[in-house]
Every structure is written in C-alpha cells, then in structure tokens.
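Hi,

Here's the model I mentioned.

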Amino acid sequence: MASNQTMKTKTVTFLSGKRSRIVSLLGLSAALIVAIALATSAGSVPIPLSTTFQVLVDKLPYIDITPFWEDSTAIIVLDIRLPRVILAGLVGAALAIAGATYQGLFRNPLADPYLIGVSQGASLGATLGFLLPVSWSIAGFGLIPLLAFIGALLATITVYLLARTGKTLPVTTLILAGVALSALLGSIVSYLIISSGDKMHGIIFWLMGSFSLSEWAEVKVVLPYIAAGMIIIILFARLLNVMQLDEEQAQQLGVSVERYKLILLAAATLITAAAVSFVGTIGFVGIIIPHAVRLVWGADHRTLLPLSVLTGAIFMILTDLAARTLLAPTEIPIGVITAICGAPFFLYLLRRRKKAIF
Amino acid sequence: MIELEMRHVNLGYNHHPVLNDVTLKAAPGEMVGLIGPNGSGKSTIIKALSRVMQPNSGQIFINGREINQVTRRDLARLIGVVPQMPLLPSTFTAFEIVLMGRNPHLGLLQSESRRDLEMARDAMEKTGTASLANRYINELSGGEIQSVLIARVLVQETEAILLDEPTANLDIGRQVEILDLIKNLCAEKTLTVLAAVHDLNLAAQYCDRVILIHQGHIHAEGRPQDVITEINMRQVYGTENCVYTHPENGLPIVLLGAHRNKTAENK
C-alpha cells in the first residue's frame with residue numbers, strides 16, 4: 001500500500017509538472033517583456049522606462065495611446081534600439097534552442113551549436129566576404145552575412161556527408177568529422193586574417209560577435225529561418241525525449257531515428273546559421289542556457305526547448321545591454337560579457353544541484 | 001496474435017558472420033527460449049526481429065508480412081523489446097522511462113493522457129517497481145532497471161515480447177516473479193514470447209520450446225528435455241555429465257561440479 005501511495009503522488013506531480021511548465025512559460029514571457037522594455041529604454045539618451053513601455057505598447061494592435069513623447073524619442077525607441085534588442089533576443093533564443101537540440105541529439109552535454117562546423121564555416125564565409133572586392137546582396141543578405149550563412153550550411157553539409165556511412169549517421173563520427181573540419185577551416189581563417197591587412201580589424205570584430213549594426217531589415221531576414229526551425233524542433237520535443245535512450249531502444253519504441261536525426265539536425269543548423277550570419281559567432285549561450293534550464297526545470301524536452309528559447313532571449317538581451325552601456329560609448333564585445341555574466345551563474349547552479357544534470 | 005518467423009537469415013558485422021542460415025518460428029501463446037553460449041548470436045536474433053539490424057540475406061516475417069514492409073511505429077505496436085543492460089538517460093525518472101513505452105501509441109503532437117499515466121502506474125505495480133517511480137534511473141541497481149524495462153514493455157501493449165536476458169541481474173526471488181509474470185501474460189493474452197536466457201535451468205522450467213544456438217546456427221530445437229541433453233551440452237558448451245532430471249516435474253536441470261567427482265571415481 002505504501003508503494004501505491006508514492007505512485008499516486010508521482011502521477012499527481014507528473015501532471016502538475018505540466019502545470020508548472022505553463023506557469024514557468026508565462027513567468028519567463030513576462031520577464032522577456034520586461035527585459036525588452038528595460039533594454040530599449042537604456043542607452044546614450046536616457047528615456048524613462050514608463051515612456052519606453054508606452055511607446056512600445058502603442059505599437060501593439062488595437063491599442064492607441066495619445067503620444068505625449070517627442071517624435072525623436074519614438075524613433076530612438078522603435079527604429080534604433082528595438083531592432084537591436086529584438087535581434088539580440090532572436091539570436092539568443094536561436095542559439096539556446098539549437099544547443100539544446102544538439103545536446104539531445106548527440107546525447108552529449110558538451111555539444112553546442114558550433115560543434116559540427118557551423119561556426120568555422122560561417123567565420124570563413126564572413127572573412128571571404130570582407131576580403132572580396134564586391135558588394136552583392138541576395139534575399140536581403142548583404143555579402144558578408146550571405147557568405148557566412150552559406151559557409152555555415154556548407155560546412156555542416158560537408159561534415160554530414162563525411163560522417164554518413166551507408167544509411168546511418170553515427171553520432172560519434174559526426175562529432176569527430178565536425179571537430180576535424182572546424183580545425184581545418186579555422187586555420188584557413190587564421191591565415192586569411194594575417195594576410196588581410198587593413199581589413200583585419202573588421203574581421204576580428206565580426207568574429208567576436210556584435211549587435212552594433214542591427215536594423216529592422218536584418219531582423220526580417222533572419223526571422224523566418226529561426227522561427228521555422230524552432231517550430232519544427234519544438235514539435236519533435238517528445239520524440240527527442242525518447243531519443244535520449246540509445247538509438248536501438250528508440251527504434252524499438254517506434255521512432256524512425258535516422259529520419260528525425262536528419263530533420264532535427266537540419267533545423268538546428270539552419271537556425272544557427274541564420275543567427276550567426278549577421279552578428280558573428282557568439283559563444284557560450286548555446287551550451288550554458290540549455291544546461292541552466294535543465295538544472296532548474298528538468299530534462300524533459302517539452303519543457304527544456306520552449307524555456308530555453310525564452311531564457312536564451314532574455315540572457316542575450318541583458319548581456320547586449322551590458323555590452324553597450326557598461327563602458328559607453330565604447331562597446332564591449334558581446335562574447336566577453338556572455339562569459340563574464342554567464343559562467344559564474346552557471347557554476348553556482350552546478351554547485352547548488354548535486355544530482356546528475358545530463 | 002502474431003507469429004514471428006525467420007527464414008534462412010544470414011547476418012554479420014563487417015563480414016564477420018554472426019547468424020548462419022537461421023530459420024525459426026515463434027507462435028502466439030508460446031514461450032520460446034533462445035539458449036546458447038556467449039556470442040552465439042542470441043542477442044543478434046532479437047535485434048534482427050526488432051529490425052534494428054538488417055540481415056545480409058534471408059527474410060523475416062511478422063504474421064507473414066515481410067518485416068521491412070511494416071512501418072517502425074506499427075512494428076513497435078506489435079513487438080516490444082526488453083534489451084540487455086541498455087544505455088538510459090540518467091536525468092529521467094523510472095516513471096518517465098516506463099511512460100516512454102507509450103510512444104508508439106502517441107501521435108507526434110500528442111502528450112500522454114491520464115490513461116497512459118495510469119497504465120504506467122499499473123505496470124510498475126505489477127513488476128514490483130512502484131516504489132522506484134520517482135527515482136532517477138542512475139540511482140537504480142541493475143536488477144531494478146531490468147524490472148523497470150519489463151514495466152516499459154508491458155505499457156507498450158504489444159502482441160509479441162522479445163527479451164534479452166531478462167533475469168540476468170535478478171536474485172532468484174525476483175527471477176521467479178518476473179518469469180511467472182511473463183509466462184502468465186503469454187498464456188492470458190496469447191502473446192508471442194521469445195527470450196534469450198542464459199540460465200539453462202530457468203529456460204527448461206519456463207519455456208515451452210527452446211532453441212539452442214551454437215556459433216550462429218541452430219544446433220537443436222524442441223522441448224527442453226529434448227534439447228538440454230548430455231550430448232548437446234557437450235557439443236555446445238563442452239561440459240560433461242551435467243544434465244539431471246528435476247525430481248518434481250521431470251524437466252532437465254543442469255548441475256555443474258559433479259563431473260569432478262565422477263571423473264575421480266572413474267580413475
């Protein structure tokens with residue numbers, strides 16, 4: 001009878017797990033809105049938080065607020081700061097969910113969105129973009145983001161083709177091929193940087209990642225890729241849980257592992273490529289955010305994936321805020337801030353929870 | 001009710017042959033034991049029948065239908081597998097692992113219903129693992145994990161169950177409980193049960209029919225008393241004078257150690 005009792009409580013807590021998932025989703029969504037308002041009101045021209053909030057709310061459908069603010073305030077909020085904040089949020093969300101997906105697919109806690117060549121592929125593409133004496137633009141992408149995007153996809157496809165044996169895709173081979181190709185591409189990038197002369201500064205700045213050149217046009221270009229990829233990944237969340245068993249067991253439980261591996265890999269790679277194409281390869285977010293979410297809310301991908309999206313967005317918006325305000329008018333490279341803010345917090349979480357996190 | 005059949009199956013890893021012209025059948029309501037030495041191919045037969053390995057030649061049929069014609073999902077509703085010492089994610093609880101058995105019955109966007117949760121709870125009670133429900137899988141012993149996996153296969157509601165050494169890590173009390181449970185299910189629900197069993201005594205006591213595998217082919221097949229014989233044991237395991245008869249039910253039992261005395265007497 002005692003065991004019966006524990007089972008009953010477990011069923012209840014399991015169901016209430018669903019409820020707390022919804023509560024957490026709502027809570028984090030609210031936090032995201034606050035983060036957006038906060039980040040939009042701070043900057044070289046200080047605008048009161050309440051004004052910023054009303055300028056933003058006024059833009060929502062069906063809501064009209066009689067403007068008491070100056071036109072220049074609205075321009076600063078809506079056309080200068082907001083696109084940057086939104087792009088930071090999108091990129092943070094993209095890297096976080098891509099990281100969670102790679103960690104789940106590879107059943108490896110060290111996996112991050114750059115594991116299988118995306119980052120070095122994008123870096124090589126962007127570097128070539130700086131060095132080429134032309135300036136094209138295709139599908140809204142300028143030359144540098146276009147080449148970064150293509151480079152990221154080509155590198156991953158190459159890794160995929162190298163790792164594929166017959167009809168299957170062994171995960172270890174995929175990781176090793178990714179590491180090897182990344183090393184190769186990385187050394188080419190290093191060589192190009194040394195011989196790039198006066199363009200060296202621009203390349204290095206891109207490689208460290210920055211949101212300083214963000215406008216609405218860029219948001220519009222990357223949004224479809226990131227949104228589509230996220231929807232696909234979140235739809236497969238429960239299958240990703242079953243895929244945490246080994247591949248044989250997942251197959252024996254009815255999952256066509258090879259098919260879903262390919263779909264999820266493609267979606268995560270597309271998201272990452274789109275995210276890094278305009279803002280450079282920002283490290284740390286893709287590996288730390290999913291682990292932090294796992295530590296707080298558990299490993300169920302139905303919780304992990306959507307909450308990683310929100311947490312990643314909030315984290316990136318706040319770190320970008322720090323990057324542009326702490327030493328204003330100098331901007332600190334975003335990668336420096338993500339590590340300085342994120343690492344201690346993550347280590348704190350790691351110490352607090354003693355149980356296995358992966 | 002389903003019938004599993006292998007016809008002239010050859011299968012190997014990287015040209016190293018594992019199964020050599022294996023032809024076998026398992027019928028509904030029948031509990032079939034796969035016995036044989038380490039590395040003889042018992043696990044490979046289970047992997048081929050659940051389509052996680054493909055034969056190099058030969059065919060496998062599920063109710064007369066070629067196995068590759070059945071979708072992965074449909075196959076998982078027909079055949080459930082209890083693997084031997086598999087990799088399990090340490091961040092999931094025993095209850096969540098059991099619940100994963102419902103996967104083949106759920107649509108892509110569907111979450112587990114209250115009924116699924118209740119099924120998982122019942123299965124855990126039946127397998128004596130209810131008290132482990134909240135525990136993380138990496139906190140469990142080998143035997144506890146095995147029982148949790150049995151619960152998972154019950155929740156899967158399949159018509160055939162393939163078990164790879166289902167009792168390898170269990171104490172004798174738990175061995176009897178789990179095998180009784182499987183045997184009863186097999187009879188009540190007319191399940192087709194195929195189990196790789198290391199322990200010849202358990203195979204003899206519980207299986208209606210045993211198949212003795214030796215170096216990838218079927219050495220002998222039939223009722224336990226016709227297969228577990230002195231001559232077969234010598235040919236396959238190289239053990240001498242070890243087969244006795246159970247005093248109560250007349251089934252064969254294998255006892256080791258006696259040959260030393262016998263050899264001594266002969267001298």
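One term before the notes: I call two residues in contact if their C-beta atoms, placed from the backbone, lie within 7 Å. Bear in mind that this is a predicted model.

With that in hand, B:Val98 touches B:Ala120, B:Ala123, B:Met124, B:Val148, B:Ala151, B:Arg152 and B:Val155, leaving aside residues up to four places away in sequence. B:Val98 also shows up in the largest nonpolar core, which has 183 residues. Along with A:Val91, A:Ala94, A:Ile97, A:Ile271, A:Ala274 and A:Ile317, B:Val98 touches the most other members there. Helix H3 of chain A (residues 71-106) gives the most to this core, with 18 residues.

H3(A) also packs against helix H2 (residues 49-58) of chain A, at an angle of about 75 degrees and with the axes 10 Å apart. Angles of 65 to 115 degrees count as roughly perpendicular, so that is what H2(A) and H3(A) are to each other. On the H2(A) side the contact involves A:Thr51, A:Thr52, A:Val55 and A:Leu56, which meet A:Thr73, A:Ala74, A:Val77 and A:Leu78 in H3(A). By class that makes 5 nonpolar, 3 polar and no charged residues.

Then there's helix H4 of chain A (residues 118-131). Its 14 residues reach 20 Å from first C-alpha to last, close to the 20 Å expected at 1.5 Å a residue. H4(A) is mostly covered, with 11 of the 14 residues buried, among them A:Gly121, A:Leu124, A:Gly125 and A:Gly129. What do the buried residues of H4(A) pack against? Helices H5 (143-163), H6 (171-194), H7 (200-208) and H11 (257-279), from chain A.

Cheers

Definitions and conventions:
Residues numbered from 1 in each chain as written. Chains lettered and ligands numbered in written order. Predicted model: local features only at pLDDT ≥ 70, side-chain atom pairs only at ≥ 80, totals over all residues. Core = buried A, V, L, I, M, F, W, Y, C linked by C-beta atoms within 7 Å. Buried ≥ 20, exposed ≤ 12 C-beta atoms within 10 Å, placed from the backbone. Helix = DSSP H or I, 4+ residues; strand = E, 2+ residues; numbered from the N terminus. Expected span 1.5 Å × (residues − 1). Axes fitted to C-alpha atoms, helices over the stretch in contact; angles between N-to-C directions. Parallel < 35°, antiparallel > 145°, perpendicular 65-115°, else oblique. Nonpolar A, V, L, I, M, F, W, Y, C, P; charged D, E, K, R; others polar.
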